[in-house]
Amino acid sequence: MKQDATILIVYSTFGDGHVQAAKALEQAFRALGCRRIHLLDLLAEAHPHWNAVSRFAYLKSAAYCPRLYGLSYRWTNARRRDSRLIRWLQSLGKRTMTAWMDRIRPDAVVHTFPYLAVSHLRSETRRDVPTFTVLTDYVLHSRWVHPGTDRYFVATEELGSELAAAGISDSRIVVSGIPVREAFDRPVDRQTACMKYGLDAGRKYLLLVAGAYGVLPQVQPLVRTALSRTGFDLLLVCGKNGKLAEEMNRSFGHDRRVRVFGFVERLQELMAASACLVTKAGGITLTEAAAMSLPVVVYRPLPGQEEGNADALCGRGALLAARNPEELSAHLVRLEEDEYRRRMAAAIGRIYRPDAARKVAAEVLQCVEQHRLSPEWTPAAGGRKAVHGYC
């Protein structure tokens, strides 16, 4: 069964996390024997111009007007799920999704972004394709929730409880953890990583990651704060922001305590070489750090899901948050202490659920098999004849 299942994974390039989650799931399905796996950036294919404008607006608002982004996040979160706006947002790309489903005839659709066009199609056309949603943050937004979704995979028990409070039955919620690429589930030797990048294993490195698109605010002041107030050397990852990398090289290229990188594919190696991480509060990055038991300080989390992620993990002692350079400095000074750093590493390590991608893939395939064997199954949007349906 596993080898002949066709899986469609739907994602978005609004932030890199949804893409990385989709890739992690693709790896896991392949490891379980699946060969027919399709990845679809739905909005980019369905509405390429609108997608480009929306991504540009998202990145610019995140960098220069975070309050506006936070306002839109809270406003849409407060809308009723059956409101006209939310139904429209969740149904974006229905025509493209219909074409894909007619062409590849998937046995299951997995979402890593809250486009829920398949759920709408099921309720409108009775297409009985099992549909799954993988939440990539530690906080819930109402756009993830749709009655036509058969399974939700979430990061923590607390997030599962939030979903249940939103009206989702416990039988449809799986606390799997957030999927990350399999490289983060493998141990990385620090000495080897230091040798690869020409680093001194006797030094303590602070890894500063500006995000996949390099939109972490106030990077230059952050670097100056860390250099002037701590003994850390810095590994600065600018992501796909070439302009930021050029600027940082001009400002700090002469400083032996600073190494500037662009986009880094094997980020786990720099994490292994580092004593702590300063970054944005994206769900995937935080999960990758948790996999490496790497202490994290998030700087000025973006109002919305990033702020929610920071609050959720700070509440469990697994994260430090800084709203200004002074708070950042205080956190970093504490993280220079070996014992404090060990306690932080243990706390963030406890939130990590290993092999999340494989667990999600295995459950999806089990549901596909039950769907094939169960003539009594009916789509979630139209009701089931049993509590669990085919899943």
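**View 1. Ser-293 sits in the loop between helix H13 and strand S11.** This is a predicted model: local features need pLDDT of at least 70, side-chain atom pairs count only at pLDDT 80 or more, and totals for chains, interfaces and linings use all residues. Residues are numbered from 1 along each chain as its sequence is written, and side-chain values use heavy atoms, with hydrogens and water left out. Helices (H or I, at least four residues) and strands (E, at least two) are DSSP runs, numbered from the N terminus. Ser-293 has a positive phi, near 50°, and is not glycine. Most residues other than glycine have a negative phi. Ser-293 counts as partly exposed because its relative accessibility is 35%. The classes are buried (under 20% relative accessible area), exposed (over 50%) and partly exposed (in between), with a 1.4 Å probe and protein chains only.

**View 2. Asp-355 lies in the loop between helices H16 and H17 (356–373).** Asp-355, also not a glycine, has a positive phi near 60°. With 39% relative accessibility, Asp-355 counts as partly exposed.

**View 3. Strands S9, S8, S7, S10, S11 and S12 form, in that order, an open sheet of 6 strands with parallel pairing.** Two strands pair if DSSP finds at least two bridges between them. Strand S9 (258–261) and strand S12 (320–322) are the edges, each pairing on one side only. From one strand to the next, the twist averages 20°. Axes are lines fitted to C-alpha atoms, for helices over the stretch in contact; angles between N-to-C directions run from 0 to 180 degrees. Strand S8 (residues 233–237) runs parallel to S9, and 4 bridges join the two. Opposite Leu-235 stands Arg-259 of S9. Strands of a sheet pair through backbone hydrogen bonds.

**View 4. The largest nonpolar core holds 41 residues.** A nonpolar core is a set of buried Ala, Val, Leu, Ile, Met, Phe, Trp, Tyr and Cys residues joined through side-chain atoms within 4.5 Å. Those with the most contacts inside this core are Leu-207, Val-237, Leu-270, Met-271, Leu-277, Val-296 and Val-298. Among the elements that give it two or more residues are helix H9 (190–196), strand S7 (205–209), helix H12 (267–273) and helix H14 (305–314). A second, separate core has 30 residues, including Leu-222, Leu-236, Ala-275 and Leu-320. Contact means heavy atoms within 4.5 Å. Beyond four places in sequence, the residues that Val-237 touches include Leu-207, Phe-261, Val-264 and Leu-270.

**View 5. Leu-277 belongs to strand S10.** Leu-277 is buried, with a relative accessible area of 0%. Its contacts beyond four places in sequence include Leu-207, Met-271, Ala-289 and Val-296.

**View 6. Asn-309 is placed in helix H14.** Asn-309 is buried, at 0% relative accessible area. Setting aside neighbours within four places in sequence, Asn-309 contacts Asp-137, Tyr-138, Val-139, Ala-281, Gly-282, Gly-283, Leu-286 and Leu-319.

**View 7. Helix H15 (residues 325–335) buries Pro-325, Leu-328, Ser-329, His-331, Leu-332 and Leu-335.** Seen down the axis of H15, the buried residues fall within an arc of 165°, so they line one face of the helix. The arc is that of the directions from the helix axis to the C-beta atoms. Elements covering these residues include S7, helix H10 (219–229), strand S10 (276–279) and helix H16 (338–350). Asn-324 caps the N-terminal end of H15: one of its side-chain oxygens is 3.1 Å from the backbone nitrogen of Glu-326. A polar contact is a pair of N or O atoms within 3.5 Å; within protein, one must be able to donate a hydrogen and the other to accept it, and residues adjacent in sequence count only if both atoms are side-chain atoms.

**View 8. Another open sheet has 6 strands in the order S2-S1-S3-S4-S5-S6, with parallel pairing.** Strand S3 (residues 108–111) runs parallel to S4, joined by 3 bridges. Val-109 stands opposite Thr-131 in S4. H17 lies across strand S1 (6–11), S3, S4, S5 and S6, and runs at about 170° to S5.

**View 9. Arg-143 occupies the loop between strand S4 (131–134) and strand S5 (151–154).** Arg-143 counts as buried because its relative accessibility is 15%. Arg-143 and Thr-76 are 67 residues apart along the chain, yet 7.8 Å separates their C-alpha atoms.
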